[in-house]
Amino acid sequence: VNDVFASQNRAVTARDYEAIVYRMPAKFGRVKRAKIIRDRDSFKRNLNLYVAGEDKDNNLLQCNQALKNNLRIWVNKYRMLNDTIDILDAKIMNLEISFTLVAYMNVNKYDVLDSCMRTMTAYYKNKYYDIGEPFKITDVYKLLNNIPAVLDVKDVTVVPKTGGLYSDFEILYGDLISNDNRYLIPPEDVIFEVKFPSTDIHGEVL
């Protein structure tokens, strides 16, 4: 937190506000992810505070109204007098990952696939994205290529996963993928999640 915030006990920067959100006492509820975005359509210093919570299994969910009310009271204690803040739900986008790779000739393909799946599941089980943070498709290639029995990763596909236990929010793949096909770039109020890595990741060994 910067010197201005420390001296005035007021939030000045977006980082200040986000730090304040995470400092809110647990008895008022817990915000998993928060991001401040300046409202470009406002002539005043209006700030949009996007938030996401989590369930008992650490999966993302929208914060309930009681938590957002508590957060509004908490943040108001520290906001600059000229700031107005709207607390909004971040849009959760669940992802499904598929890969195809080639293994060395002298290894068992099923063992290779098992090793790949375990590596991928462990990584994405503990990977929590920030609101607006891109998904690096290159990370998938890197993880798989680092497995000794893997000769080459031929293809990686990452697509939205919706319906049932997943978020209904979806964006066309073409609107997400970067020009170099290395990243999925979300809108600034969207947060990515691989919700169930053990079933949302699929692989094939050629």
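This is a predicted model: local features need pLDDT of at least 70, side-chain atom pairs count only at pLDDT 80 or more; totals for chains, interfaces and linings use all residues.

User: Which residues of α3 are buried, and how wide an arc do they cover?

Analyst: The buried residues of α3 are Leu67, Lys68, Leu71, Trp74 and Val75. They sit on the same side of α3, because the arc they cover around the axis is only 120°.

User: Which residue caps the N-terminal end of α4?

Analyst: Look for a side-chain oxygen by the backbone nitrogen of Tyr110: there is one at 2.8 Å. The residue that supplies this oxygen, and so caps the N-terminal end of α4, is Asn108.

User: Where do the buried residues of α4 lie around its axis, and which exposed residues are on the face turned away?

Analyst: Val112, Cys116, Met117, Met120, Thr121 and Tyr124 are the buried residues of α4. Seen down the axis they fall within an arc of 155°, so they line one face of the helix. An α-helix has 3.6 residues a turn, so residues three or four places apart point the same way. The face turned away from the buried side carries the exposed residues Asp111, Arg118 and Lys125.

User: Is Arg33 buried or exposed, and with which side chain does its own side chain make a polar contact?

Analyst: Arg33 is in strand β1. Its relative accessibility is 16%, and because the cut-off for buried is under 20%, Arg33 counts as buried. Its contacts beyond four places in sequence include Tyr22, Tyr50 and Ile191. The polar contact of its side chain, at 2.9 Å, is with the side chain of Asp130.

User: What about Asn48: buried or exposed, and at what relative accessible area?

Analyst: Asn48 has its place in strand β2. Residues it touches, not counting those up to four places away in sequence, are Lys35, Ile36, Ile37, Asp39, Asp86 and Leu88. Asn48 is buried, with a relative accessible area of 11%.

User: Which residues lie nearest the centre of the largest pocket?

Analyst: The largest pocket holds about 260 Å³ of space. α4, β9 and α7 each supply at least two residues of its lining. Of the 18 lining residues, those nearest the centre are Asp57, Asn59, Lys125, Tyr128 and Lys195.

Definitions and conventions:
Residues are numbered from 1 along each chain as its sequence is written. Side-chain values use heavy atoms; hydrogens and water are left out. Buried means under 20% relative accessible area, exposed over 50%, partly exposed in between (1.4 Å probe, protein chains only). Helices (H or I, at least four residues) and strands (E, at least two) are DSSP runs, numbered from the N terminus. The arc is that of the directions from the helix axis to the C-beta atoms. On a 1 Å grid over the protein atoms alone, a cavity is a set of points where a 1.4 Å probe fits but cannot get out, and a pocket is an open set with protein on both sides within 12 Å along at least five of seven lines; lining residues have an atom within 4 Å of a point. Grid points are joined across faces, edges and corners, and a volume is the space filled by probe spheres set on the points. Contact means heavy atoms within 4.5 Å. A polar contact is a pair of N or O atoms within 3.5 Å; within protein, one must be able to donate a hydrogen and the other to accept it, and residues adjacent in sequence count only if both atoms are side-chain atoms.
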